[in-house]
Amino acid sequence: MKYRQLGDTELRVSEVSFGTWAIGGGWGEANDEESIRGLHRAMEAGVNFFDTADVYGSGHAEELLAKATKGKEDDIHIATKFCRSGDIHDLATYSEDAVRQFCENSLKRLNRERIDLYQIHCPPLAILKDGSVFEVLDKLKAEGKIRHYGVSVETVEEGLFCLTVPGVKALQVIFNLFRQKPAQELFPQASAAGAGILVRLPLASGLLTGKFTTASTFAADDHRNFNANGDQFNVGETFAGLPFAKGVELAQELAWIGEGRGNMARASMRWILENPNITCIIPGFKNVKQIEDNLATLEVPAFTADEQARLQTFYKTQVHEYIRGAY
């Protein structure tokens with residue numbers, strides 16, 4: 001395993017880390033025992049960082065992490081998120097009383113005394129600009145409830161604003177071969193500001209595995225079904241904002257990247273890790289096999305300069321115009 005510094009903090013985290021949305025809920029059925037086995041396998045391989053949220057299975061993902069990391073609290077770092085269990089547009093959701101309660105609830109579920117990275121979970125820009133939530137986070141940090149804080153953002157504009165807040169030490173963004181815009185301006189500025197970059201949805205909700213066809217279907221409780229067109233939350237969180245059929249078509253055109261790199265998924269994540277401004281990727285998983293497949297990304301050969309240019313051109317000429325939602 002290789003490790004990278006989280007911005008200018010003291011934390012060094014595994015390049016390949018893992019998100020827990022899928023094992024908490026929202027990606028169809030998951031098996032808790034298999035999820036725990038997957039978490040243990042990741043830690044055995046040197047993974048020391050996991051991302052979760054209080055709304056992943058209504059706190060279930062946090063509880064699974066507590067079980068899997070018991071006795072390893074000093075070695076395994078956990079990032080969690082808050083606000084989406086309330087009205088994200090209401091300032092009251094970000095009041096000191098509300099945020100303290102969110103924090104205490106997560107600490108209890110995680111069975112920890114401190115959260116390593118506490119993130120605001122995709123709030124509106126107006127809330128960020130109000131700024132009062134950051135004052136609350138500063139208090140929680142001073143009290144030792146949280147070690148550092150950051151923001152999970154939907155747009156480059158939101159991310160750039162967050163970088164003007166001195167306490168923000170990490171941005172969590174959607175970034176993959178279908179969603180390359182953040183690399184242009186946001187990533188270099190984050191690096192200059194001492195903020196780490198956590199990449200969520202590196203496989204565009206599975207499109208970049210190359211395994212889907214236009215006939216593929218998803219369970220009723222899978223966001224790839226109920227949020228395919230942004231009906232429940234930002235459409236960018238599902239298939240990178242692409243219409244599903246178009247995403248499948250574009251993925252087929254990218255099949256060449258998997259040649260000599262194991263498979264398309266590993267190649268897609270290798271491409272992300274080649275950006276020096278990235279701290280880590282946080283792919284999801286449901287079983288040990290997916291953990292091992294994602295970890296194999298570390299063994300994938302690098303892309304050549306010509307391949308990098310080809311992929312950038314592909315995004316600009318064939319992908320960008322089809323992305324929907326705030327970006």
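Reader: Is cysteine 83 buried or exposed?
Author: This is a predicted model, in which local features need pLDDT of at least 70, side-chain atom pairs count only at pLDDT 80 or more, and totals for chains, interfaces and linings use all residues. The word buried means under 20% relative accessible area, exposed means over 50%, and partly exposed lies in between (1.4 Å probe, protein chains only). Cysteine 83 has a relative accessibility of 0%, so the label is buried.

Reader: How many disulfides are there?
Author: A disulfide is a pair of cysteine sulfur atoms within 2.5 Å. For cysteine 83, the closest cysteine sulfur belongs to cysteine 122 and is 7.6 Å away, which means it is too far for a bond. Cysteine 162 is in no disulfide either, with the sulfur of cysteine 122, its nearest, 10 Å away. Under this rule the number of disulfides is zero.

Reader: Where is glutamate 154 found?
Author: Strand 7 covers residues 146–152 and helix 7 covers 156–162. Helices (H or I, at least four residues) and strands (E, at least two) are DSSP runs, numbered from the N terminus. Glutamate 154 is in the loop between strand 7 and helix 7.

Reader: Which side chain makes a polar contact with the side chain of glutamate 154?
Author: Glutamate 154 is buried, because its relative accessibility is 13%. Leaving aside neighbours within four places in sequence, its contacts (heavy atoms within 4.5 Å) include Cys122, Asn234 and Tyr327. A polar contact is a pair of N or O atoms within 3.5 Å; within protein, one must be able to donate a hydrogen and the other to accept it, and residues adjacent in sequence count only if both atoms are side-chain atoms. At 3.5 Å, the partner here is arginine 200.

Reader: Which residue in strand 8 stands opposite valine 151?
Author: Strand 8 spans residues 168–174, and seven of its seven residues are buried. Strands 7 and 8 run parallel and are joined by three bridges; two strands pair if DSSP finds at least two bridges between them. Opposite valine 151 stands leucine 171.

Reader: What is the nearest side chain of opposite charge to aspartate 54?
Author: Aspartate 54 lies in the loop between strand 4 (49–51) and helix 3 (60–68). A salt bridge is a side-chain nitrogen of Lys or Arg within 4 Å of a carboxyl oxygen of Asp or Glu. Lys and Arg count as positive and Asp and Glu as negative, while His and the chain ends are not counted. Aspartate 54 is buried without a salt bridge, and 4.8 Å away is the nearest opposite charge, arginine 109.

Reader: How many residues apart are glutamate 34 and arginine 37 in helix 2?
Author: These two form a salt bridge, with their closest N and O atoms 2.8 Å apart. Glutamate 34 is buried at 18% relative accessible area, whereas arginine 37 is partly exposed at 42%. Both sit in helix 2 (residues 32–44), about one helical turn from each other, because their separation in residues is three.

How values were computed. Residues are numbered from 1 along each chain as its sequence is written. Side-chain values use heavy atoms; hydrogens and water are left out.
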